[in-house]
Each structure stands twice: as C-alpha cells, then as structure tokens.
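Hi,

Here is the structure I promised to send over. Have a look first, and my notes on what turned up follow below.

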Amino acid sequence: MHLLVAAASGWGKGYISQVLADRNIAGDRYDMTVVLDTSNEFRGLVLPRYGPAPASHWNVRAKEHHCWTSSEWRTLVEDSDPALVLGRSVPKSQWREACAEIILGCRRSDLDVLVVVDEAHGVAPQREGYPKAIRELATDGRTEGGSATSSIQITQRPAQLDKTVVGNCTARFLGGFETSNDLGAIKQVLEYPADLHSSGGQRLTVDLSDDLRTDDGEAISVRKWTEADESGEPQTVNSEWIYSDETGEISRKQSNDYDPRCEHVGARGKRIDVGV
C-alpha cells in the first residue's frame with residue numbers, strides 16, 4: 001500500500017503524519033518503519049520527554065551521503081527495530097541521493113518496511129530528475145528481497161510531486177488546499193468532488209454521500225480551527241481530512257479523532273510583521 005498525505009501549510013499535516021507513522025510502529029503490519037525526516041517534523045518519536053520514544057534517530061550527514069551505500073543503510077535499518085527516524089543534515093540535492101540509497105536498503109531487506117517520506121515533492125519532484133530507486137518505492141510493492149515495502153508520501157505541494165508517485169498511491173489522506181494547482185493535481189486521482197478540499201468550510205452544491213458530509217450533515221469543504229498560543233500566534237488545534245482508497249473506503253476525519261502516544265513537536269515558522 002502507498003498512502004498520499006497532503007494538505008496546505010498550517011493544516012496540521014506534520015501532526016497527522018506523525019500520528020499515522022506511530023500507529024504503524026505500534027501495530028503488527030510492519031517489521032520496521034523508516035522515516036525520511038526532511039524538515040525535522042518527527043522529533044516526537046525519538047525524544048523520551050514527548051512520549052514513549054519508539055524510534056531511534058540518525059542524522060544523514062556528508063559522510064553518509066558520500067560513503068554509505070544501500071548495504072550500510074540496510075544494516076542500520078535492520079538493527080534499529082522497530083523504527084528509525086533519519087534527519088537531513090545535507091543540502092536537498094544530496095538528501096535526494098541519500099534517500100535513494102536508504103530506500104534501496106529498505107527494499108533489499110528481508111523485513112516488511114514502511115517508508116515515510118516527508119516533503120515528498122522535494123524527494124521526487126515533478127519537473128526534475130531524481131533517482132530510479134525513489135520512483136520504484138511507489139511503483140513496486142515488492143522488495144528486492146521478496147518482502148513488502150509500503151510508503152507514506154507526505155507533501156504540502158501535490159502539484160510539485162511527480163505524477164507517477166501521486167498516481168501510484170493506492171490510498172489518500174487529504175486536507176485542505178489554497179491553490180488551484182494543488183487541487184488540480186489531486187482531482188485526477190479522486191473519485192469524489194475535489195472541491196471538498198477547498199479550505200475554509202465553503203458550502204458545496206455538488207451531491208455528497210453521508211460519509212463526506214460533516215457530523216451534522218452539512219455539505220461543506222474541509223475546515224481547520226486555530227487558537228492563539230502563548231505568544232499570540234495562531235496555532236492549528238483541529239483540522240478535517242478525507243481518507244479514501246482503491247477498495248472504495250471513504251471517511252471524513254478530524255485530527256482530534258486521534259489520541260497520539262507521542263507529542264508532535266515539529267518546527268513552526270514565524271509570522272511576518274506587516275503592521276496589521
């Protein structure tokens with residue numbers, strides 16, 4: 001299975017991605033979960049002060065990029081049961097190359113591995129070349145060793161993620177989007193109206209099944225709720241998502257439906273003072 005997790009910046013994508021990763025670490029479907037943590041979003045899985053810390057952590061530095069092949073990464077993955085978070089400490093171009101070797105190491109393992117790809121549009125970009133091993137992660141469910149390799153592809157820019165990757169995701173967990181480009185990118189793989197993902201709770205005139213309506217039966221697009229933190233900055237405290245897959249399963253969810261084991265402590269951006 002390959003799952004696309006996508007939503008606009010500020011929708012709570014980092015939180016929901018960590019929750020989904022941790023649910024699979026704690027489950028019995030995979031022997032190993034490997035997180036390619038491009039933007040330092042998964043610290044909550046590795047630091048004991050934020051929860052049970054089920055994952056080990058390793059920084060991908062220049063040494064690993066230049067010297068490690070898929071064999072070294074396979075060894076590290078197999079020695080890091082049940083989960084490994086790999087942080088980026090190299091430029092993005094080198095990170096992409098390192099991700100290819102890491103993915104190849106996972107696919108050559110005898111374990112059933114779930115690979116979580118953070119900021120997937122930078123790892124498998126639509127308008128740039130990227131290593132074949134990254135594409136094969138999404139297009140081939142079998143590993144080179146005969147086990148199963150699945151992936152969670154996470155992005156805030158589905159229009160910039162390679163269409164091959166988007167098209168090969170057999171399930172989707174999608175929030176709201178602000179741009180027509182991103183809505184257009186997901187529209188091609190949805191069996192329900194893409195307008196449901198226009199952020200802001202807009203009233204829809206299209207016919208929606210009960211599964212896609214709110215709990216009180218409203219036909220509106222997905223919403224998010226924010227509250228000011230201690231510094232007065234708005235912080236997302238809940239958001240709506242739509243899950244769908246190739247079996248016909250479909251469900252409208254809220255991020256607050258989940259009770260995570262680990263606190264999410266991903267990096268947050270700073271607002272710009274515009275005098276308003």
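Arginine 252 counts as buried, because its relative accessibility is 12% and buried means under 20% relative accessible area (exposed is over 50%, partly exposed in between, with a 1.4 Å probe and protein chains only). Its side chain meets that of glutamate 240 in a salt bridge, 2.8 Å from N to O; I call it a salt bridge when a side-chain nitrogen of Lys or Arg is within 4 Å of a carboxyl oxygen of Asp or Glu. Arginine 252 sits in strand S10 and glutamate 240 in strand S9 (residues 234–245), 12 residues apart. Glutamate 240 is buried too, with a relative accessible area of 2%. Helices (H or I, at least four residues) and strands (E, at least two) are DSSP runs, numbered from the N terminus.

Before the rest, some housekeeping: this is a predicted model, so local features need pLDDT of at least 70 and side-chain atom pairs count only at pLDDT 80 or more, while totals for chains, interfaces and linings use all residues. Residues are numbered from 1 along each chain as its sequence is written, and side-chain values use heavy atoms, with hydrogens and water left out.

The whole structure has 11 salt bridges. One of them pairs aspartate 22 with arginine 261, with the closest N and O atoms 2.6 Å apart. Aspartate 22 lies in helix H1 (residues 13–26) and arginine 261 in the segment after strand S10 (250–254), so this pair ties together parts 239 residues apart in sequence. Aspartate 22 is buried at 5% relative accessibility, whereas arginine 261, at 40%, is partly exposed.

Then there is aspartate 110 with arginine 74, a salt bridge of 3.5 Å, N to O. Aspartate 110 is in the loop between H4 and S5, and arginine 74 in helix H3 (residues 70–78). Aspartate 110 is exposed at 52% and arginine 74 partly exposed at 27%. Through shared partners, Arg74, Glu78 and Asp110 form one salt-bridge network.

So what about aspartate 118: which side chain of opposite charge is nearest? That is lysine 13, 5.9 Å away, and aspartate 118 is buried yet has no salt bridge (Lys and Arg count as positive, Asp and Glu as negative; His and the chain ends are not counted). Aspartate 118 does have a 2.7 Å polar contact, side chain to side chain, with serine 39. A polar contact here is a pair of N or O atoms within 3.5 Å; within protein, one must be able to donate a hydrogen and the other to accept it, and residues adjacent in sequence count only if both atoms are side-chain atoms. Glutamate 41, in the loop between S2 and S3, is buried at 15%, and its C-alpha is 8.1 Å from that of aspartate 118.

On to the strands. S4 (residues 83–88) has 5 of its 6 residues buried. Strand S2 (residues 32–37) pairs with S4 in the parallel sense over 5 bridges, and S3 (residues 56–60) also runs parallel to S4, joined by 5 bridges; pairing takes at least two DSSP bridges. Valine 35 has valine 85 as its bridge partner, and tryptophan 58 stands opposite leucine 86.

Finally, the largest nonpolar core has 78 residues, and Leu86 and Phe173 are among those with the most contacts inside it. Such a core is a set of buried Ala, Val, Leu, Ile, Met, Phe, Trp, Tyr and Cys residues joined through side-chain atoms within 4.5 Å.
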